[in-house]
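User: I have a new chain to look at. Can you walk me through it?
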Amino acid sequence: ISLGPPLVTVPDVYDLKAATAQKRLEALGLKVVLEYPLVVTPRDRVVIQSISAGTQVRWGSTITLSIV
């Protein structure tokens, strides 16, 4: 009996560069959506992640990162 996709633990990607955070999350099997909510000079850093670090989610889940 299949229990569905395995669980993965979401890492803390706060203040990482967008590309680094995306690669780290995708390596765990997560889908990543990048949002650029502010019109300011970009630092290209993660300021918000939609799923808190340490949370267990199913492989293939989507996490949204806000980048400024």
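User: What share of the 68 residues of the chain count as buried?
Analyst: This is a predicted model. In it, 28% of the 68 residues count as buried.

User: How many helices and strands does the chain have?
Analyst: One helix and five strands. Starting at the N terminus, the order is β-α-β-β-β-β.

User: And what does the C-alpha trace span along its principal axes?
Analyst: About 50 × 15 × 15 Å.

User: Next, the inside. How many residues are in the largest nonpolar core?
Analyst: That core has 14 residues. Leu 25, Ile 63 and Leu 65 have the most contacts inside it.

User: Which elements each supply at least two residues of this core?
Analyst: Helix 1, residues 18–27, and strand 5, residues 62–67.

User: What is Ile 63 in contact with, leaving aside its neighbours within four places in sequence?
Analyst: Ile 63 meets Val 10 and Leu 25. It also contacts Lys 31, Val 32 and Val 33. Then come Gln 49, Ser 50 and Ile 51.

User: Let's move one residue along. Where does Thr 64 lie?
Analyst: Thr 64 is in strand 5.

User: Is Thr 64 buried or partly exposed?
Analyst: Partly exposed. Its relative accessible area is 22%, and buried means under 20%.

User: Which residues does Thr 64 touch, not counting those up to four places away in sequence?
Analyst: Val 33, Glu 35, Ile 48, Gln 49 and Ser 50.

User: How far apart are Thr 64 and Ile 51 in space?
Analyst: 7.7 Å, C-alpha to C-alpha. In sequence they are 13 residues apart.

User: Back to the whole chain. Among contacts between residues at least 6 apart in sequence, what share join residues at least 24 apart?
Analyst: 67% of them.

User: Now charges. How many positive and negative side chains are there?
Analyst: The chain has 7 positive and 5 negative. The centres of the two sets lie 5 Å apart.

User: How many salt bridges does a search of the whole structure find?
Analyst: One. The side chains of Asp 15 and Arg 43 form a salt bridge, at 2.9 Å from N to O.

User: Where do Asp 15 and Arg 43 sit in the chain?
Analyst: In distant parts of it, 28 residues apart. Asp 15 is in the loop between strand 1 (7–9) and helix 1. Arg 43 is in the loop between strand 2 (31–35) and strand 3 (46–49).

User: Why do Asp 15 and Arg 43 count as partly exposed?
Analyst: Asp 15 counts as partly exposed because its relative accessibility is 32%. Arg 43 gets that label because its value is 46%.

User: What about Asp 44: what is its phi?
Analyst: Also positive, about 65°, and Asp 44 is not a glycine. Asp 44 is in the loop between strand 2 and strand 3. It is partly exposed, at 29% relative accessible area.

Key:
Residues are numbered from 1 along each chain as its sequence is written. This is a predicted model: local features need pLDDT of at least 70, side-chain atom pairs count only at pLDDT 80 or more; totals for chains, interfaces and linings use all residues. Side-chain values use heavy atoms; hydrogens and water are left out. A nonpolar core is a set of buried Ala, Val, Leu, Ile, Met, Phe, Trp, Tyr and Cys residues joined through side-chain atoms within 4.5 Å. Buried means under 20% relative accessible area, exposed over 50%, partly exposed in between (1.4 Å probe, protein chains only). Helices (H or I, at least four residues) and strands (E, at least two) are DSSP runs, numbered from the N terminus. Contact means heavy atoms within 4.5 Å. A salt bridge is a side-chain nitrogen of Lys or Arg within 4 Å of a carboxyl oxygen of Asp or Glu. Lys and Arg count as positive and Asp and Glu as negative; His and the chain ends are not counted. The place of a charge is taken as NZ of Lys, CZ of Arg, CG of Asp or CD of Glu.
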